[in-house]
Amino acid sequence: MSEAPSGTAVATYQPRVAEMPATDRPRERLERLGPQALTSAELLAILLRTGTAEEGVLQLASRLLRDHDGLRGVAAADLPTLEGTRGVSTAKATTIAAAFELGRRLALEGDERPRIQGPKDIARQLQAQLDLLQQEELHVLVLDTKHHLLGSAMVYRGSVNGTPGRVGEIFREAVRRSAWAVAVAHNHPSGDPAPSVNDVEFTRDLVEAGALLGIEVLDHVVFGRGRYVSMRDRRLGF
């Protein structure tokens, strides 16, 4: 048998799930050992269910993780990004998005709801998620009378501005949950968290609308690649 020339990668055959012994298949391993025993690729393969004609589901799951720089990258990807991955259909993309959203919601339903007292607490809730995004998103944290977290929602994707529709989306979620306060955050994909003129105008509109509704706007935080700016601390729009 001839050897491959030096420096040439030799492709290793990876069996499809149907070709694997039953005890080694992801679903059977989960049933026998529990989900903690599976790799991220195996868990993702269970969500994907099937591969393509060119690659098996485990290979597809591994490539999805590789293309998006790991599990956090897959979790941060929006539906169009997931659907743009070769081999990932709309059905597969929505299943993945739903699974990660359930995980995020579960994290908010601990025995003791976190209390949002300042920008550090807002960052603890949202920074890991928003820092990864390639597109601007606006999120709201909905708070009770003592600023305990009632829930969170992504209310807009795209450039932040002060139009009435954007302001209305923020307070629609707060009114639905009978909230007493909200904290707002969005990301700058450029990595620079410095608030723009539009950010300041939008924040001013939020504060004024909140005063009319009797809902406090605790802060508006802008994230950018590991950094953030509290607009309340800088008295921008407040």
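Predicted model: local features only at pLDDT ≥ 70, side-chain atom pairs only at ≥ 80, totals over all residues.

Colleague: Great. How many salt bridges does the structure hold?

Modeller: The structure holds 9. A pair counts when a side-chain nitrogen of Lys or Arg is within 4 Å of a carboxyl oxygen of Asp or Glu.

Colleague: Which residue does Arg124 pair with?

Modeller: Asp121, with the closest N and O atoms 2.7 Å apart.

Colleague: Is Arg124 buried or exposed?

Modeller: Arg124 is exposed, at 60% relative accessible area, whereas Asp121 is buried at 14%. Buried means under 20% relative accessible area, exposed means over 50%, and partly exposed is in between (1.4 Å probe, protein chains only).

Colleague: And what about Asp67 and Arg63?

Modeller: Their side chains meet in a salt bridge too, at 3.6 Å from N to O. Both sit in helix α3 (residues 57–67), 4 residues apart, which is about one turn of the helix. Asp67 is partly exposed, with a relative accessible area of 44%, while Arg63 is buried at 7%.

Colleague: How many residues of α3 are buried?

Modeller: 8 of its 11 residues are, so α3 is largely enclosed by the rest of the structure. Among the buried ones are Val57, Leu60, Arg63 and Leu65.

Colleague: What follows α3?

Modeller: α3 is followed by Asp69, which has a positive phi near 60 degrees, and Asp69 is a residue other than glycine. Asp69 belongs to the loop between α3 and α4 (71–76), and it counts as exposed at 73% relative accessibility. Arg235 also has a positive phi, near 55 degrees. Arg235 is in the segment after β5 and is exposed at 71%.

Colleague: Back to charges: which residue does Glu137 bridge to?

Modeller: Arg157, with the closest N and O atoms 3.0 Å apart. Glu137 lies in strand β1 (residues 137–143) and Arg157 in strand β2 (residues 149–157), so the pair ties together parts that are 20 residues apart in sequence. Glu137 is buried at 6% relative accessible area, and Arg157 is partly exposed at 34%. There is also a network: salt bridges that share partners join Glu55, Arg63, Asp67 and Arg86.

Colleague: Switching topic, how does β3 run relative to β4, parallel or antiparallel?

Modeller: Strand β3 (residues 181–187) and β4 run parallel and are joined by 7 bridges; two strands pair if DSSP finds at least two bridges between them. Val182, for instance, has Val217 as its bridge partner in β4. With helix α9 (residues 197–213), β3 and β4 make a right-handed β-α-β unit. Right-handed means that, with the strands pointing away from the viewer, the path from the first strand over the helix to the second runs clockwise.

Colleague: How many residues of β4 are buried?

Modeller: β4 (residues 216–224) is mostly covered, with 8 of its 9 residues buried. β4 also pairs with strand β5 (residues 227–230), in the antiparallel sense over 4 bridges. There, Phe223 has Tyr228 as its bridge partner in β5. The hairpin of β4 and β5 has 2 residues between the strands, and Arg225 takes a positive phi near 50 degrees in it.

Colleague: Last one: what lines the largest cavity?

Modeller: The lining includes Leu130, Asp131, His188, Phe223 and Arg225, and divides into 4 nonpolar, 3 polar and 2 charged residues. Ala, Val, Leu, Ile, Met, Phe, Trp, Tyr, Cys and Pro count as nonpolar, Asp, Glu, Lys and Arg as charged, and the others, Gly among them, as polar. A cavity is a set of points on a 1 Å grid over the protein atoms alone where a 1.4 Å probe fits but cannot get out, and lining residues have an atom within 4 Å of a point.

Methods: Residues numbered from 1 in each chain as written. Heavy atoms only, no water. 1 Å grid on protein atoms, 1.4 Å probe; cavity = no way out; pocket = protein on both sides within 12 Å on 5 of 7 lines; lining within 4 Å.
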